[in-house]
Structure formats: C-alpha cells, structure tokens
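Open your viewer and get ready to click along. We will take the tour one selection at a time.

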Amino acid sequence: QVQLVESGGGLVQAGGSLRLSCAASGLAFRRYVMGWFRQAPGKEREFVAAISGSGGSTNYAESVKGRFTISIDNSKNTVYLQMNSLKPEDTAVYYCSAGLRVAVTQEYDYWGQGTQVTVSS
C-alpha cells in the first residue's frame with residue numbers, strides 16, 4: 001500500500017520561509033518522479049515542482065523559480081520543498097505526488113492528503 005504523507009505546512013508572513021516534507025512508503029522510491037502541486041480556493045490544482053527519484057533532474061513552475069527548491073533524500077524516502085520569499089499568492093493546499101511514467105503520460109499515480117500553507121500579507 002502506497003502512502004505519501006505531507007508535513008510542514010502552516011501560517012507564515014509574506015517574505016518568510018517554510019519547508020514541506022513528504023514521506024513515501026510502499027513504492028520503489030528511486031523509480032518514481034516525485035512532484036509537488038498546489039490548489040488554492042476556487043482554483044484548479046497546479047504544478048509546482050518535480051524531481052526524479054535519483055535527484056538528478058528537477059523542474060519548476062515559472063511562478064516559483066528562484067524561490068522554491070525541491071530535493072530528495074533517498075535514504076529516508078522523503079522529498080522536500082523548501083519555500084522562500086513566500087507571497088500571499090502562494091497560499092494553497094500543497095500536495096505531494098508520485099508518478100512512475102510521468103515523462104510519457106504526464107500523470108501522477110499517487111497523491112498525499114495535502115498540507116495547508118497560508119501566507120499573510
């Protein structure tokens with residue numbers, strides 16, 4: 001049974017930082033692309049960042065480039081999202097995801113339950 005468990009969300013002032021964690025279990029971690037998505041109230045879910053299971057390749061949405069960093073710790077089966085210079089528009093529920101064939105299908109197979117990030121102005 002695959003589980004993705006996010007943590008690290010919370011309330012922060014604009015300009016502040018948060019680090020999200022996603023602990024994965026039940027899958028061959030290195031074989032998957034791990035991604036972060038977010039969904040703000042009344043908006044569609046959007047891509048934030050992704051990293052290959054080996055950690056050798058990353059991809060970011062334009063809106064977070066230079067502010068967010070995705071990383072991976074294979075020894076802990078955990079993916080992180082370091083978020084700096086946070087803006088009120090970053091407020092959303094952040095979801096961790098895992099996909100085995102993302103490069104081909106652009107689809108993720110597993111999703112976490114989400115963690116709320118709120119940035120106050």
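A nonpolar core is a set of buried Ala, Val, Leu, Ile, Met, Phe, Trp, Tyr and Cys residues joined through side-chain atoms within 4.5 Å; buried means under 20% relative accessible area, with a 1.4 Å probe and protein chains only. This is a predicted model, where local features need pLDDT of at least 70, side-chain atom pairs count only at pLDDT 80 or more, and totals for chains, interfaces and linings use all residues. Residues are numbered from 1 along each chain as its sequence is written, and side-chain values use heavy atoms, leaving out hydrogens and water.

**Stop 1: the core.** Select Met 34, Trp 36, Val 79, Leu 81, Met 83 and Tyr 94: they have the most contacts inside the largest nonpolar core, which has 31 residues. Strands (DSSP runs of E, at least two residues, numbered from the N terminus) giving two or more residues to this core include E3, E8 and E9.

**Stop 2: paired strands.** Now show E3 and E8 (residues 78-83), which pair antiparallel over six bridges; pairing needs at least two DSSP bridges. Here Cys 22 stands opposite Val 79.

**Stop 3: the disulfide.** Which residue is joined to Cys 22 by a disulfide? Select Cys 96: the S to S distance is 2.0 Å, and a disulfide is counted within 2.5 Å. The bond links E3 to E9 (residues 92-99), with the two cysteines 74 residues apart. Both Cys 22 and Cys 96 are buried.

Note on methods. Helix = DSSP H or I, 4+ residues; strand = E, 2+ residues; numbered from the N terminus. Buried < 20%, exposed > 50% of the residue type's maximum accessible area, 1.4 Å probe, protein only.
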